[in-house]
Amino acid sequence: MMINDHDDSLWITAMRVSRLGMDAIGVRGTNAAIHAIELAKRFPQDDPPDLVIVDFNMPKMDGIDVVRDLRKIWPRCLMVCLTVTTLADQYGGGIENNVLHQRAEELGVPIGSLPEFMLESRETLQRLISESV
């Protein structure tokens, strides 16, 4: 499952995930986070997706809040966050970014760069998965 408020980013992520041989279910739009949580509640609880890729920066809920809520539904599901901004921009910036990074670490959710994922999707995904274990 991929959750992103930007159609282009969702499409790129879905294309890369499909090329890795995985099925891609996308949830998009400005209410993507809210819709994804509602969809998760209707999913068979004993058969969660293999992987959830969440946009880090979304308008209604940030990716960390989405992961926190989805973990209540799917506690053992692998989840990662991707962001269009580079990680240097993400973490080198203001205090809010540092707080988001700390929240991600507390949840054990790795954060990756969408541009990096586009170029080296298999390696990036393997790195993010190893960081979450």
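User: Does aspartate 50 count as buried or exposed?

Analyst: This is a predicted model, in which local features need pLDDT of at least 70, side-chain atom pairs count only at pLDDT 80 or more, and totals for chains, interfaces and linings use all residues. Residues are numbered from 1 along each chain as its sequence is written, and side-chain values use heavy atoms, without hydrogens or water. A residue is buried under 20% relative accessible area, exposed over 50% and partly exposed in between, with a 1.4 Å probe and protein chains only. Because its relative accessibility is 71%, aspartate 50 counts as exposed.

User: In which loop does aspartate 50 lie?

Analyst: Helices (H or I, at least four residues) and strands (E, at least two) are DSSP runs, numbered from the N terminus. On that basis, aspartate 50 is placed in the loop between α2 (32–42) and β3 (51–55).

User: How many salt bridges does the count come to?

Analyst: Side chains of opposite charge can pair when their charged atoms come close. The rule asks for a side-chain nitrogen of Lys or Arg within 4 Å of a carboxyl oxygen of Asp or Glu. The count by this rule is 7.

User: How far apart are the closest N and O atoms of aspartate 7 and arginine 28?

Analyst: Aspartate 7 counts as partly exposed because its relative accessibility is 42%, whereas arginine 28, at 52%, counts as exposed. In the salt bridge between aspartate 7 and arginine 28, the closest N and O atoms are separated by 3.3 Å. This pair links distant parts of the chain, helix α1 (residues 7–19) and strand β2 (residues 26–28), and its members are 21 residues apart.

User: Which helix holds both lysine 41 and glutamate 38?

Analyst: The side chains of lysine 41 and glutamate 38 form a salt bridge at 3.5 Å, N to O. The two residues are 3 residues apart, about one turn of the helix, and both lie in helix α2.

User: Which residues are linked with Asp62 in a network of salt bridges?

Analyst: Aspartate 62 pairs with arginine 103 at 3.1 Å between the closest N and O atoms. That pair links distant parts of the chain, with aspartate 62 in the loop between β3 and α3 (63–73) and arginine 103 in helix α5 (residues 95–107). Aspartate 62 counts as buried because its relative accessibility is 16%, while arginine 103 is partly exposed at 25%. The network joins Asp62 with Asp65, Arg68, Asp69, Lys72 and Arg103.

User: Which residues does threonine 13 touch, not counting residues up to four places away in sequence?

Analyst: Threonine 13, in helix α1, counts as buried because its relative accessibility is 5%. Its C-alpha atom is 9.4 Å from that of leucine 82, 69 residues apart along the chain. With contact defined as heavy atoms within 4.5 Å, threonine 13 touches Met2, Ile53, Leu82, Leu114 and Phe117.
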